[in-house]
Amino acid sequence: MTATGTFLPKPGAAPLMRMIRAQAALETRMLLRNGEQLLLTVVIPSLLLVLFSTVDIVDTGADGSTVDFLTPGVLALAVLSTAFTGQAIATGFERRYGVLKRLAVSPLPRWGLMTAKTLAVLVTEVLQIVLLTAIALALGWSPHGDPLSVALLLILGTAAFSGLGLLMAGTLKAEATLAAANLVFLLLLVAGGVIVSLDKFPGAVRGALELLPISALSGGLRDVLQDGAGMPWRDLGILAVWAVLGLGAAARFFRWE
């Protein structure tokens with residue numbers, strides 16, 4: 001406003017952090033309002049936890065309580081569903097419909113958009129973990145271990161799956177991303193140590209499966225939360241390698257159009 005009381009416009013972009021917070025809030029609202037996303041990220045993990053904890057359908061190979069074995073795996077599945085499957089599908093269709101192309105020329109830089117998407121994923125995961133933890137405790141879950149180890153596993157797991165999800169969304173067509181992301185989700189649900197122990201697989205196959213990010217995340221969480229183990233360095237190392245490879249490849253090959 002000038003000395004005479006005249007209001008003058010002040011064109012320009014909002015502060016960067018404000019733009020990132022606004023975009024992250026928008027991404028979170030869109031995710032939570034999407035029925036298909038809620039089915040994938042909330043309903044399926046919750047049903048699997050309740051169903052396999054209360055009904056003897058499959059042999060989990062667990063020595064103790066079934067819910068003590070299943071809960072770490074379902075927590076890993078929740079990270080997979082949000083950071084990989086849900087994000088890959090949503091970003092793939094945003095790319096197809098030109099949403100990313102338009103956002104790329106907005107004042108929000110591209111890395112800021114990806115940061116906002118990551119924040120939305122983290123917020124969703126916090127809600128998932130709170131819900132699944134409440135269900136597991138109601139079913140008699142008795143967690144152990146160091147919360148710091150759990151947090152590191154979840155953060156690195158999120159980074160690894162986010163990188164892989166963005167790589168898929170940025171290189172494949174939306175329909176191919178939809179099919180591939182759901183197929184990977186189902187395969188890793190069965191062969192990633194989520195509901196079936198990797199000890200059930202032959203030795204050579206088990207050795208390969210243990211190198212997968214879902215196996216490292218579910219195995220590391222199980223070692224800490226079920227067995228009370230210390231820092232799972234091997235699993236953290238596997239997740240860190242996948243995170244670097246996935247995010248690096250996504251940054252290199254992601255196509256905005």
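Biologist: Which ring does the charged end of R222 sit over, and how far is it from the centre?

Modeller: The charged end of R222 sits over the ring of F69, 3.9 Å from the ring centre. The criterion is that NZ of Lys or CZ of Arg lies within 6 Å of the ring centre and within 35 degrees of the ring normal. This is a predicted model, in which local features need pLDDT of at least 70 and side-chain atom pairs count only at pLDDT 80 or more, while totals for chains, interfaces and linings use all residues. Residues are numbered from 1 along each chain as its sequence is written, and side-chain values use heavy atoms, with hydrogens and water left out.

Biologist: What does the protein consist of, in helices and strands?

Modeller: It has 10 helices and 0 strands. These elements are DSSP runs numbered from the N terminus, helices being H or I of at least four residues and strands E of at least two. The C-alpha trace spans about 80 × 35 × 35 Å along its principal axes.

Biologist: Turning to the helices, at what angle do α6 and α9 pack?

Modeller: Helix α6 (residues 147-171) and helix α9 (residues 213-225) pack at about 170°, with axes 10 Å apart. Axes are lines fitted to C-alpha atoms, for helices over the stretch in contact, and angles run from 0 to 180 degrees between N-to-C directions. The two helices are therefore roughly antiparallel, a label for angles over 145 degrees, whereas under 35 is roughly parallel, 65 to 115 roughly perpendicular and the rest oblique.

Biologist: Which residues make that contact?

Modeller: Among them are V150, L153 and F161 of α6, and I214, L217 and L221 of α9. Contact means heavy atoms within 4.5 Å. By class, there are 11 nonpolar, 3 polar and no charged residues. Ala, Val, Leu, Ile, Met, Phe, Trp, Tyr, Cys and Pro count as nonpolar, Asp, Glu, Lys and Arg as charged, and the others, Gly among them, as polar.

Biologist: And how do α3 and α7 cross?

Modeller: The axes of α3 (residues 66-96) and α7 (residues 174-191) come within 8 Å and cross at roughly 170°, so these helices are also roughly antiparallel to each other. Their contact includes F84 and F93 of α3 and L178 and F185 of α7. It divides into 13 nonpolar, 5 polar and 2 charged residues.

Biologist: Back to α9 for a moment: is A216 buried or exposed?

Modeller: A216, which is found in helix α9, counts as buried because its relative accessibility is 0%. Not counting residues up to four places away in sequence, A216 touches E210, D235, I238 and L239.

Biologist: How many aromatic pairs are there?

Modeller: The count is 2 aromatic pairs. The rings of F93 and Y97 have centres 6.1 Å apart and planes at 35°, so this pair is tilted. F254 and W256 form an edge-to-face pair, 5.3 Å centre to centre with 70° between the planes. Rings of Phe, Tyr and Trp (its six-membered ring) pair if their centres lie within 6.5 Å; planes under 30 degrees apart count as stacked, over 60 as edge-to-face and the rest as tilted.

Technical notes
Buried means under 20% relative accessible area, exposed over 50%, partly exposed in between (1.4 Å probe, protein chains only).
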